[in-house]
Amino acid sequence: MIVRQFLLWARTAPDEVRAQAASALARAYLRADLGARDRAELEEALPLMIADPAPQMALALAEALCRHPLVPADIVLSLAVTEGDAGLMMLARSPVLHERELIELVETGSPARQAAIASREGLAAPVAAAIAEVGHAAACLTLVTNTDADIPGFALARIVARFCHLPAMREALLARPGLPAAAHHALIRAVAGALTAFVSERDWMGTADAARVAREACERATLTCVDGREDADVRGLVEEMFENGQLTPALVLRALLSGQVRLFLEAVSVLSGLPTDRVAALAADRSGAAFRVLYDRIGLPRGAYVAFRTALQVMQAESYVDEGASGLKRRIVERVLDQYAGLGETQGSGKLIEVLQRWQAEAIRDAA
């Protein structure tokens, strides 16, 4: 009876007053002691209140119903597809919406509606993956900054691929725990590319020098981002770099000179096609004969063999194995330089020695 009286009264009541009354009825609907007859009447009246043209009505109902788990699904969906704040509130908060419904709403929704879904507490991985695949930039940024969302690694990688050109997205992704190494590496390259272009455009440095500095900064940051990673994550990074032509001899050598044995072994494994355990066994041969065969097989520069072999010998003797900070190890670099100094001019590569000398200075700065 009260509901019918409300509907008659609502025909002439002001919008604000009508919304307040609708809110009271919605809260009454959520009471456990509400009688069956009154509940049935309210369930019949709720769609009519949702259809009210006054935006205050839908917002008042959404505020009252958005967090309750027992609201009928049709009522929740009706409010969720409502334009404006009422719909966004239901999308962001209602526990009644299931994964399938949320994915459909992501695929058809506006950027604001996608962002509302991305902000949900405890957002499930399938919904996060859908946002990463089809969501607008604003929705993906909301998702990345939602610390309560379960975002699979492949979804984070997809966001990197789509939006790493956006500074705000790069910053949010770098702050996100669980970012896969390959996605982290892609961000590093994006940042380096942006900085290289910035420096070159302002003539602060020649194009070639800017590219070299950026490349070496990428290599150094790549080694930093693999610290503490699982073996599978490191392997995925190496395979992606190989596919993209980024697994360079300089990076592999820097890994070895930095004591990053895992990255070095995975890189040689990918280059040679041999299992990682087999590569590790060949590299551990103290005679050097087995490693020489392996080195020739993977096609690294002939003039750099002494650098690789010497670094391996130092690590075998002094236990440099993925230790501490990921920077270049000064003692290893200097031992390699000593070996080239003893070989004479014809055996060494001038270009390689220049690189090693730069790395020596870098290691000294890091140690200081």
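pLDDT is the predictor's confidence in each residue, on a scale from 0 to 100. The model described here is predicted, so local features need a pLDDT of at least 70 and side-chain atom pairs count only at pLDDT 80 or more, while totals for chains, interfaces and linings use all residues. Residues are numbered from 1 along each chain as its sequence is written, and side-chain values use heavy atoms, with hydrogens and water left out.

**Confidence and overall make-up**

The chain has an average pLDDT of 84, and 88% of its residues score at least 70. Its secondary structure consists of 22 helices and zero strands. Helices (H or I, at least four residues) and strands (E, at least two) are DSSP runs, numbered from the N terminus. Among the elements of the chain, the lowest mean pLDDT, 60, belongs to helix α1 (residues 2-10), and the highest, 97, to helix α10 (residues 137-145). Where pLDDT is low, the predicted coordinates should not be read in detail.

Of the 368 residues in the chain, 46% are buried. Buried means under 20% relative accessible area, exposed means over 50%, and partly exposed lies in between (1.4 Å probe, protein chains only). A contact means heavy atoms within 4.5 Å. Among the contacts in the chain with a separation of 6 or more, 61% are between residues 24 or more positions apart.

**Two helix pairs**

Two packed helices are described by the angle between their axes and the distance between the axes. The axes are lines fitted to C-alpha atoms, for helices over the stretch in contact, and the angles run from 0 to 180 degrees between N-to-C directions. Angles under 35 degrees count as roughly parallel, over 145 as roughly antiparallel, 65 to 115 as roughly perpendicular and the rest as oblique.

| Helix pair | Angle | Distance between axes |
|---|---|---|
| α2 (residues 15-29) and α3 (residues 36-50) | about 140 degrees | 10 Å |
| α10 and α12 | about 20 degrees | 9 Å |

Because of its angle, α10 is roughly parallel to α12. α10 passes α12 in a left-handed crossing. A crossing is left-handed if the near helix is turned anticlockwise from the far one by less than a right angle, and right-handed if clockwise. On the α10 side, the residues that meet α12 are Ala137, Cys140, Leu141, Val144 and Thr145; their partners in α12 are Ala168, Met169, Ala172 and Leu173. By class, this contact of α10 with α12 has eight nonpolar residues, one polar and no charged. Here Ala, Val, Leu, Ile, Met, Phe, Trp, Tyr, Cys and Pro count as nonpolar, Asp, Glu, Lys and Arg as charged, and the others, Gly among them, as polar.

The other pair, α2 and α3, is therefore oblique. The crossing of α2 and α3 is also left-handed. Ala22, Leu25 and Tyr29 of α2 make the contact with Arg39, Leu42, Glu43, Leu46 and Met49 of α3. The residues of this contact of α2 with α3 comprise six nonpolar, no polar and two charged.

**Buried faces of α6 and α9**

In helix α6 (residues 85-93), the buried residues are Ala86, Gly87, Met89, Met90 and Leu91. They pack against α4 (55-65), α5 (73-80), α7 and α8. Helix α9 (residues 125-134) has Val127, Ala128, Ala129, Ala130, Ile131 and Ala132 as its buried residues. These pack against α7 (99-108), α8 (111-118), α10 and α11 (153-163).

**Four buried residues**

Cys164 sits in the loop between α11 and α12 (167-174). Its relative accessibility is 18%, so Cys164 counts as buried. Not counting residues up to four places away in sequence, Cys164 touches Ile159, Arg170, Leu187 and Ala190. Ala183 is 19 residues from Cys164 in sequence, and their C-alpha atoms are 9.6 Å apart.

Thr222 lies in helix α14 (residues 207-225). Thr222 is buried because its relative accessible area is 1%. Beyond four places in sequence, Thr222 touches His185, Ile188, Leu237, Met241 and Leu251.

Helix α16 (residues 249-257) holds Arg254, and Leu256 is also found in α16. Arg254 has a relative accessible area of 1% and is therefore buried. Apart from neighbours within four places in sequence, Arg254 is in contact with Glu216, Glu219, Arg220, Leu223, Leu328, Trp359 and Glu362. Leu256 is buried, with a relative accessible area of 0%. With neighbours within four places again left aside, Leu256 is in contact with Phe264, Phe308, Ala311, Leu312, Met315 and Ile332. Leu256 and Ala311 are 55 residues apart along the chain, and their C-alpha atoms are separated by 6.6 Å.
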